[in-house]
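The entries are kept in the order in which I made them.

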Amino acid sequence: MLQKLDKNTKEWYNNKTKYLPGAVCSMVTKYIKWENNKGFCPEELEAAKELILTGGLVAFPTETVYGLGGNALSEEAAKKIYAAKGRPSDNPLIAHIADIEALNLLVDEVPEKGKRLINVFWPGPLTMIFKKKASVPYGTTGGLDTVAVRMPDHPAAAAFLRAVSVPVAAPSANTSGRPSPTLARHVKEDLGGKIDMIIDGGQVGIGIESTIVDLTEDIPVILRPGYITKEMLEKEVGEVRIDKGLIAENVKPKAPGMKYRHYAPKGELTIFEGEQEAVIRHINHLAEEYSEEKVGILATEETKDRYKKGHVICVGSREKGTISKELYRALREFDTWGATFIFAESFSGEPHGEAIMNRLAKAAGQRIVYL
Ligand code: TXA
Ligand code: MG
């Protein structure tokens, strides 16, 4: 006799094809605005809520990057998210919530250290991994028994999540492999015509994705570096480890998404690290040597006038600490301009340098030249 397969089992999920067909680009995407001093137009917020509750996809701003939202408790919504992004479906999604009560819909028990981190860092750019409740579909968790949860600190995200009242699964709202969106127009570039709605809340504040910390073991483990650093976490909960998969080449990262080559501009990107004057001299020299090519240079407010050749794109200011906020915009601009080679300064010594360099080094395929 044939056994009826329960759809909410890991086996059923893992037996399905990992790559879903890409979304058809034939939808009308509605645009609505959230403004700092005005908030949402109530009818538009209502429309966004209706879309989520009927299985649609709505991109929304958070303080880190724009997210592509769908109902986190719906297997079908998760499928649509993977298809729109062209993302492998074994790469789990983060569930976003507006208040602590909503955590009960995702998790049965929050460990003590989790509670402490929630008190200090939520709402904020910290994602925590917990054991999932049975009712959370494997579509959302990419077939894992754990779930990633975050309470974003952005008034538009908070109002939107409060209105929909279900947890919202949201990966970054980019096509898989492209830099995460920090402006609504980046979302439009990648997903216009493939999703139901985009909420435009202007430029995001932080610009790189949240720190991910796994709380399913006694000692918390960082699976993705971000704005909240290891030191900040250790101050609250004692020892914190860094996933070996982030450092060692032959170890598989625990966050499935970290194994994919992300944030890649189309041109070949190389990072130059060393004393500032030496870096500027070297890049100037290379730009001269590669003058037949379309050379892009990733510079800062402080150094942009020091480059003689090539197309200089400014990635914010070291002094003002705006590098993370501007990084993905700058990488996208190289693509728009059509750079074939990109030479970048290094930002490892800056505040949040570890998180910035994690993204930039990935975009460079780890091509770093030490001068
Ligand atoms: O800042 C952010 O986190 C943004 C905004 C929209 O909230 N979201 C975001 O999502 O960056 P995404 O899907 O681009 O990245 C989620 C990462 C992936 O690397 C994924 O593998 C990992 O989180 N992840 C999700 N659930 C996980 C789980 N249960 N165990 C381990 N890693 C998980
Ligand atoms: Mg992403």
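The notes below start with conventions and then go site by site.

**Conventions.** I am working on a predicted model, in which local features need pLDDT of at least 70 and side-chain atom pairs count only at pLDDT 80 or more, while totals for chains, interfaces and linings use all residues. Residues are numbered from 1 along each chain as its sequence is written, chains are lettered from A and ligands numbered from 1 in the order in which they are written, and side-chain values use heavy atoms, with hydrogens and water left out.

**Ligand 1.** I listed the shell first, taking a residue as near if one of its heavy atoms lies within 4 Å of the ligand. The shell around ligand 1 holds 28 residues, and Thr64, Asn91, His96, Ser210 and Gly257 are the closest.

Serine 210 has a polar side-chain atom 2.5 Å from an oxygen atom of ligand 1. For arginine 150, an N or O atom of the side chain is 3.1 Å from an oxygen atom of the ligand. For arginine 224, the distance from a polar side-chain atom to a ligand oxygen is 2.8 Å. I also took the accessible area, by the Shrake-Rupley method with a 1.4 Å probe. Ligand 1 taken alone exposes 680 Å², and the protein buries 98% of that.

Which elements give two or more residues to this shell? They are strand S4 (94-96), strand S6 (146-150) and strand S10 (221-224). S6 gives the most, with three residues. Here helices (H or I, at least four residues) and strands (E, at least two) are DSSP runs, numbered from the N terminus.

**Threonine 127.** Threonine 127 lies in strand S5 and is buried, at a relative accessible area of 0%. I use buried for under 20% relative accessible area, exposed for over 50% and partly exposed for in between (1.4 Å probe, protein chains only). I count a contact as heavy atoms within 4.5 Å. Beyond four places in sequence, the contacts of threonine 127 include Ile94, Ala148, Arg150 and Ser210.

**Helix H10.** The 15 residues of H10 reach 20 Å from first C-alpha to last, close to the 21 Å expected at 1.5 Å a residue. Eleven of the 15 residues are buried, so H10 is largely enclosed by the rest of the structure. The cover over these buried residues includes helix H7 (184-191), strand S12 (268-273), strand S15 (341-345) and helix H11 (353-363). Glycine 338 follows H10 and has a positive phi near 90 degrees.

Aspartate 335 belongs to H10 and is buried, at 10% relative accessible area. What does the side chain of aspartate 335 join by a polar contact? The partner is the side chain of arginine 178, at 3.3 Å. Besides Arg178, aspartate 335 is in contact with Ala264, Pro265, Lys266 and Gly267, leaving aside neighbours within four places in sequence.

**Backbone checks.** I noted a cis peptide bond between tryptophan 122 and proline 123, with omega about -10 degrees. Proline 123 sits in the loop between helix H4 (112-121) and strand S5 (126-131).

Histidine 352 is not a glycine, yet its phi is positive, about 60 degrees. I placed histidine 352 in the loop between S15 and H11, where it is partly exposed at 24%. Glutamine 366, also not a glycine, has a positive phi of about 65 degrees. Its loop runs between H11 and strand S16 (368-370), and glutamine 366 counts as exposed at 52% relative accessibility.

Conventions:
A polar contact is a pair of N or O atoms within 3.5 Å; within protein, one must be able to donate a hydrogen and the other to accept it, and residues adjacent in sequence count only if both atoms are side-chain atoms. The expected span of a helix is 1.5 Å times one less than its number of residues.
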